[in-house]
Amino acid sequence: MQDLTYQLIFYFFAAITVISAVFVVFSKNIIYSAFSLLFTFFGVAALYVFLSADFVAVTQIVVYVGGILVLLLFGVMFTNKVTQVQLKTDVFNFIPGLLIMLATLGVILYTFLTKATWKLSDQHISESVVEEIGFEIMSTYVLPFEVIAFLLFAALIGAAYLATYDKKPTEK
Amino acid sequence: MLPEIGLNHYLIISAILFSLGLFGVMTRKNAVVVLMGVELILNAANINLLAFGKYNGSMQGIMFSLFVIVLAAAEAAVALAIIINIYNTFKTVDLSEVDTMKE
């Protein structure tokens, strides 16, 4: 049985996640978007802990906050001129986009809350699963593990090759 | 007394994150912000996978979400390399102005 503290902490992290995600997409300043994405990633990691996936939560912090967010910030810095004081981004199709967003949200929530009848299993995951993750990776998922390792290797080499600074400027 | 935290709470959060990411992808002109929208969508998918995995009692959701995180890292690296190339070619990352394959 859940006590009130558990629920309050859950709602706190859920609020952080949702509010900062709203700020990511509605903020006009790209730097503000990137930094509120940080709070979204932390909030999602906290929700992973609530879902008793602590290993995934730590992976989320290491990979997203430590890797992807830094890459995104580098992307923002690289693709804006230094003289350009404000890093504004334009918005187009605002009203149709807002309508489609609300329609998608409405349809998904309506389906989830009224139509869907999920058959929940009797045993839930409720303790740490780090040990089982190790067993699963080395037994059931050994082929996907190797394939995804190779894919990551290829993607990183490809990214480094694509982003190489070209010393000889191409003829205009 | 608040209602007990169950599957539906996580599904609602992931639906909100997904639609916000969709909104970002659809309406933003800057390519980097579009990439942030894609990351939001991937996070929403991960919350769904983990929530169903927890209430199913199996390991499949957790394993799948780990693979999703690895793919997101690869995708972000390649996409940012492409964005930097676009910037070097067109001197802008405004997606409305990038409409030719070469300069």
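These legends describe close-up views of a predicted model. Residues are numbered from 1 along each chain as its sequence is written, and chains are lettered from A in the order in which they are written. Local features need pLDDT of at least 70, side-chain atom pairs count only at pLDDT 80 or more, totals for chains, interfaces and linings use all residues, and side-chain values use heavy atoms, with hydrogens and water left out.

**View 1. Aromatic ring pairs.** Rings of Phe, Tyr and Trp (its six-membered ring) are paired if their centres lie within 6.5 Å, and the planes count as stacked when under 30 degrees apart, as edge-to-face when over 60 and as tilted for the rest. Over all chains, this rule gives 14 aromatic pairs. Phe12(A) and Phe13(A) form an edge-to-face pair, because their ring centres are 5.4 Å apart and their planes stand at 65°. Phe12(A), with 49% relative accessibility, counts as partly exposed, and Phe13(A), with 24%, also counts as partly exposed (buried means under 20% relative accessible area, exposed over 50%, partly exposed in between, with a 1.4 Å probe and protein chains only). A cluster linked by ring pairs holds Tyr6(A), Phe10(A), Tyr11(A) and Phe50(A) together with Tyr10(B).

**View 2. Lysines over tyrosine rings in chain B.** A charge sits over a ring if NZ of Lys or CZ of Arg is within 6 Å of the ring centre and within 35 degrees of the ring normal. The charged end of Lys54(B) is placed in this way over the ring of Tyr55(B), 6.0 Å from its centre, and that of Lys91(B) over the ring of Tyr87(B), 6.0 Å from its centre.

**View 3. The second largest pocket.** A pocket is an open set of points on a 1 Å grid over the protein atoms alone, where a 1.4 Å probe fits, with protein on both sides within 12 Å along at least five of seven lines; lining residues have an atom within 4 Å of a point. The lining of the second largest pocket has 20 residues, and those nearest its centre are Val63(A), Leu152(A), Leu66(B), Ile69(B) and Val70(B). Helix 3 of chain B gives the largest share of this lining, eight residues (helices are DSSP runs of H or I, at least four residues, numbered from the N terminus). Domain 1 (4-117) and domain 2 (129-164) of chain A both contribute lining residues, so the second largest pocket lies between them; the domain bounds come from an automatic or database domain assignment.

Technical notes:
Helix = DSSP H or I, 4+ residues; strand = E, 2+ residues; numbered from the N terminus.
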